[in-house]
Every structure is written in structure tokens, then in C-alpha cells.
Amino acid sequence: LDVLPLEVENIEGSDKMEMYYGKNIVIDFLHMNCDYEMFKDKKVRQAVAYALNFEGIINGNYRGWGEIPCSHITPNIACYSDQFEGDKFPYGTTANVDKAKELLAEAGYPNGFDIEIIIDDDSNRIAVAEIVRNNLEAIGINAKISSSDYATFSEKIYSGEAKLYLNGVNANSMEPDSALYQRWHSSNIKESGGSNYTRFNNEEFDKLLDEARGIENLADRAEPYKKAQAILMDEVPSIGYFIRQAAAAKNPSLQGLRSYAGETWLQNCYFE
């Protein structure tokens, strides 16, 4: 389980093991806490998104083994909208330094500011944080990386201490509510421990999610969810940088395996 990109080539070249790919439901995000002064202005949040070199993250850290997210849920999730795929992705796949600097200046930060990137001790996140720091420094934001064990990291997020941090979001029910409502609906903003860690608060976004919850047929919820995804992409309290591969290495004779990113079911497995 949890096969690393570096291991894939060896596994695919083996006659004793093979790769299994499940459905991707987890996106790794750079999150911004909207309670903090600099991130209250969406122009600053957009500047951060424009500063990121998404291709550099995928190719440099994950060796091209992954996808750049074009929404806040993955294409495997019900009511996913493809409105930002390809050349419609507003922030580009490489850094747009000039646009980012322009937005920072408009927001009142022509010389940038100092910030801390909070991460856990996962080796991939540490490597990504280094790339993000370099991207931000190119637009004048001086970023310091602070890494800790996961319990300490989580407490900083729950308490609202973290201003800028890396963390994944999954839609483990395979429908959008489990990600969008939990992580960005304002009802989940708490003084401490609420699941809306970015403290994002947008009335129109909330209304769309509430409307979708009241529609019985899942297919009929596509339109409000499409609009909600558009708001998140514009307001960008979080910007996805990597869709995790749901992958495992298995014996070729093992059948019946089911895996979604982070979750693997073995109860129906058998050997041929």
C-alpha cells in the first residue's frame, strides 16, 4: 500500500508484482486561513495560486506520477465539473510571477510579507513545501517552513494557528458533499476543532451547497455543485496541487481488490 512514485518502475518491471490503480478521491492542497489579515483579500489568495508551479511540483517531486487538480474534487467524484480543465484552468500550470506580483500590489502588499508554511513530517510534503517556498519567494513572500509530528500539526490547524499549510482533502463517500461541505461551508467554522480549517465564509457558496442537499436525485445536483466549484476556484481559500494516485502493489494472482486513495478493501479478494 501507499506505493511511492520511485517504486513504480521497479514494480512494473517485476514478474512477481504488478501495480493496481483504484479511484482517486484525495487532493493535496495548499490552504490559506481566511481569518488572517493578508488572506482576507482574495487577491492575495489568487496571487499565491498564480505563484505556484504546478508542473514543477508534479514533475519535480512526484516524477510526473499524478495529476494537477482542476477543481476542489477529483473527476471520480459525482457532480465533478470539468469547467476548468486544460487551458481553462485560471492559474496556469506554471508560475505566473508577473500576475501574482500585480495582484499583491493591488491588495496592498507590493513588497510581499512574511509567512510560515505549516506541514507535518511526511517526506513528500516537506519536499513540496520547499518548492512552494521558492515559488512564493519569487513574488516577494518570504516563507519559512515549520514541520512537526502529525498530532502537533493537526492541533495548529484545528486551533486556527496555521495561516498557510499543506493538507489533503478527500471525498470518501464518492459524492461532493463529503469534501465541499465539510471543508468549506461556513457552518463548519468553529473557534477550535471545526472542519472548515480555512475559515472560508461565502454566503452564495453556502446557499448552493444547502440547495444541493435538498435535491433528491444526485444527478440533478450537478448545477449547484458546478457553481459552487466555480466560486471556490475564484475565491481560492485552498489551491490543489496534486491528485494522489490510488495505487498498490499486488501479487498478479490476487483478484477482487478495491482501493480508493487512502482506503483499501480486502474482504472480496481471492487468489486465482
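Student: Is M174 buried or exposed?

Tutor: This is a predicted model, in which local features need pLDDT of at least 70 and side-chain atom pairs count only at pLDDT 80 or more, while totals for chains, interfaces and linings use all residues. Residues are numbered from 1 along each chain as its sequence is written, and side-chain values use heavy atoms, with hydrogens and water left out. M174 lies in the loop between β5 and α7, where helices (H or I, at least four residues) and strands (E, at least two) are DSSP runs numbered from the N terminus. Its relative accessible area is 18%, and since buried means under 20%, exposed over 50% and partly exposed in between (1.4 Å probe, protein chains only), M174 is buried.

Student: What is the phi of M174?

Tutor: Most residues other than glycine have a negative phi. M174 is not a glycine, yet its phi is positive, at a value near 70°.

Student: Which loop holds C79, another residue with a positive phi?

Tutor: C79 is not a glycine, although its phi is positive at about 65°. With a relative accessible area of 15%, C79 is buried, and its place in the chain is the loop between α3 and α4.

Student: How many residues of helix α7 are buried?

Tutor: The buried residues of α7 are D177, S178, A179, L180, Y181, R183 and W184, and their cover includes β2, β5, α8 (203-213), α9 (222-235) and β6. Helix α7 (residues 177-184) is therefore largely enclosed by the rest of the structure, the number of its eight residues that are buried being seven.

Student: At what angle do the axes of α7 and α9 cross?

Tutor: Axes here are lines fitted to C-alpha atoms, for helices over the stretch in contact, and angles run from 0 to 180 degrees between N-to-C directions. The axes of α7 and α9 come within 12 Å, and they cross at roughly 45°.

Student: Which residues of α9 make the contact with α7?

Tutor: Contact means heavy atoms within 4.5 Å. On the side of α7 the residues involved are D177, L180 and W184, and their partners in α9 are Y225, Q229 and L232.

Student: How far apart are the axes of α2 and α4?

Tutor: These helices pack at an angle of about 165°, and α2 and α4 are therefore roughly antiparallel to each other. Residues K43, V44, Q46, A47, Y50 and A51 in α2 meet K99, A100, L103, L104 and E106 in α4. The distance between the axes of α2 and α4 is 8 Å.

Student: What is the C-alpha to C-alpha distance between A49 and S238?

Tutor: A49 is placed in helix α2 and counts as buried, at 0% relative accessibility. Leaving out residues up to four places away in sequence, A49 touches F54, Y91, V236 and I239. A49 and S238 are 189 residues apart in sequence, and their C-alpha atoms are separated in space by 8.6 Å.

Student: Which residue's backbone nitrogen is reached by the side chain of N135?

Tutor: N135 is found in helix α5 and, at 11% relative accessibility, counts as buried. Beyond its neighbours within four places in sequence, it is in contact with A51, L52 and N53. At 3.0 Å, the side chain of N135 reaches the backbone nitrogen of N53.

Student: What is the relative accessible area of C269?

Tutor: C269 sits in the loop between β10 (263-265) and β11 (270-271), where it touches L254, Q255, G256 and L257, residues up to four places away in sequence not being counted. C269 is partly exposed, with a relative accessible area of 23%.

Note on methods:
A polar contact is a pair of N or O atoms within 3.5 Å; within protein, one must be able to donate a hydrogen and the other to accept it, and residues adjacent in sequence count only if both atoms are side-chain atoms. Angles under 35 degrees count as roughly parallel, over 145 as roughly antiparallel, 65 to 115 as roughly perpendicular and the rest as oblique.
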